[in-house]
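Trainee: I would like to learn how to read a few features of a model. Please start with accessibility.

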Amino acid sequence: MNTKVGIVGLGIMGGAFARNLMAKGFSVVGYDVDAAKLDALRQAGMEAASSPADVARRADRLITSLPSPKALMAAVAGPGGIVEAKRDIVVADTCTLALADKEAARAALEQAGTTLLDCPVSGTGAQAAKGDLVIFASGPEARAKSMHDVFEGMGRKVHYLGAFGNGSKMKYIANLLVAIHNVSAGEAFAFGQKSGIAPETIFDVLADSAGSSRMFQVRGPQMVEGRYDRTVTATHRMMSKDISIISQHAQSIDCATPLFSLAANIHAAAIGMGYEMQDTASVCAVLEAMAGVKRKA
């Protein structure tokens, strides 16, 4: 079912979705509040829409990729929002948000006869550009299956997880591990350098070892270089939002997360050291400072 796909939100992730889907032969119509992002993708072959409602009127299936609850609700129910289209289409939300925010968006769309799926994606911006994402789909099964070919055009693996909200819960689990593995990779580099091993040697030897992780492989090259303002895969500002959501969910279900809590403190320290808009691989710099590692120029 290779029909027109709509995308609302054309940032790092949404823009990658659009490019990958077009490369797979899908017709894509998109919208973003940033005219420059919209124009860049229009020049790449995407149809440009004038509003989220315009996307919903022109697309058979729709994806939202937005940075905050406020942005999602504006796209759903604000002026020119998706609800104005009043169409029986499927909207797959790929944002990482609190469950209450997802439920609010679902309720607004249901009143307009539109189905919302909860479908966060796991992967960095760099992985999104390569189509190296895992999609956690949840919501009505038949509607989720109708999006399967679209998801395959965006990523490499799709999991259907059942009831609406299970996708977000799985994303919280995934990001808990990302936060911990990110810090463990940085600690390994600090520990290795303090032991007299060069960063590039640490990466070359361990990247394919039993001690590796996906975060070690993805963010290790930046830790080798010690530069975190180039090839940014995820900023600390983005990660801080996700950490807050996970912490709130853990509290709501009364679940202790001791390792995650420690990792969250290291990420917070990176923001305090001025790395807020740099890649989260910069936790390595925090751990190097704690260990007294001084890199050679």
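Mentor: Buried means under 20% relative accessible area, exposed over 50%, and partly exposed in between (1.4 Å probe, protein chains only). This is a predicted model, where local features need pLDDT of at least 70, side-chain atom pairs count only at pLDDT 80 or more, and totals for chains, interfaces and linings use all residues. Residues are numbered from 1 along each chain as its sequence is written, and side-chain values use heavy atoms, with hydrogens and water left out.

Trainee: How does M170 count in relative accessibility?

Mentor: M170 counts as partly exposed because its relative accessibility is 32%. M170 sits in helix α9 (residues 166-194); helices are DSSP runs of H or I with at least four residues, strands are runs of E with at least two, and both are numbered from the N terminus.

Trainee: Which residues of α1 are buried?

Mentor: In α1, M13, G14, G15, A16, F17, A18, N20, L21 and M22 are buried. That is nine of its 12 residues, so to speak a mostly covered helix. After α1 comes G25, with a positive phi near 95°.

Trainee: What is the strand order in the open sheet?

Mentor: Strands of a sheet pair through backbone hydrogen bonds, either parallel or antiparallel. Two strands pair if DSSP finds at least two bridges between them. Here the open sheet of three strands has the order β7-β8-β9, with mixed pairing. The edge strands, β7 (121-122) and β9 (157-160), each pair on one side only. Strand β8 (residues 134-137) runs parallel to β9, joined by four bridges, and F136 stands opposite H159 in β9.
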